[in-house]
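Please consult the sequence and structure below.

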Amino acid sequence: RVDTATSIEISESMANVARQRLRRTRILCRDITVADAPADDRYDLITAFRFFLNAEPVLRIAAMRALTARLKDETSWLVFNNHGNLWSTKILMWPFHSFRQARTGWQPRGNYLRHAQIRRLLNDAGLRIVRVIGLGVLGGTLCRCFDYKTALRFERKWAGNRLVNPFCQDIVYIVCRDSKEKRSRTAFQVSNPLCDKQ
């Protein structure tokens, strides 16, 4: 669905795997989060899935800024997800994971992100939310309690429901650059924290 595609990967071994599978995609192996990393190109659409939740807080900020720098203009989109929405059924395990992290420090597992944290991350990078889409009301663990057809029917019934969106396990964000003029105009406006259009 695109004219050209570029993949950026920090691991050389994973970049080599990608080169074997993605014949028509340009594969770059580099760390775009370092301070002096050149923005080699600008893109109309950037995707980053299953990254921000398990990245350390400092890395999240650096990565979001680096991706923002690579958006072509204010009509370009960045699409990413938070697959650990705190206000989903995942909250049932939050006390256990919080206790474990209090004892051992930050872990790359059992992490949660709130919408407020995402908003702060986006504001820091000069991005605004275009749309928020919730996926997976039951999630993988609860889905296994039902047969496949029942779980699928339940998920399809609630998919895209604006009232249910904030409580899905996986939240997809579509964002774009926020112009300075627009940011100054909307700085003091109160908005619904999780809505389809902002």
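The expected span of a helix is 1.5 Å times one less than its number of residues; helices (H or I, at least four residues) and strands (E, at least two) are DSSP runs numbered from the N terminus. The model is predicted: local features need pLDDT of at least 70, side-chain atom pairs count only at pLDDT 80 or more, and totals for chains, interfaces and linings use all residues. Residues are numbered from 1 along each chain as its sequence is written, and side-chain values use heavy atoms, with hydrogens and water left out.

**Helix α2**
- Helix α2 (residues 57-69) has 13 residues and should span 18 Å at 1.5 Å a residue, which agrees with the 19 Å between its end C-alpha atoms.
- Its buried residues (under 20% relative accessible area, 1.4 Å probe, protein chains only) are R60, A63, M64, A66, L67 and T68.
- These buried residues of α2 pack against β3 (45-48), β4 (77-82), α4 (115-125), β5 (127-135) and β6 (170-177).

**Aromatic rings**
- Four aromatic pairs occur in the structure; rings of Phe, Tyr and Trp (its six-membered ring) pair if their centres lie within 6.5 Å, and planes under 30 degrees apart count as stacked, over 60 as edge-to-face and the rest as tilted.
- F52 and F80 form an edge-to-face pair, at 5.3 Å centre to centre and 65° between the planes.
- This pair links F52, in the loop between β3 and α2, with F80 in strand β4, 28 residues apart.
- F80 and Y173 are stacked, because their ring centres are 5.2 Å apart and their planes are at 10°.
- One aromatic cluster comprises F51, F52, F80 and Y173.

Terms used
Buried means under 20% relative accessible area, exposed over 50%, partly exposed in between (1.4 Å probe, protein chains only). Contact means heavy atoms within 4.5 Å.
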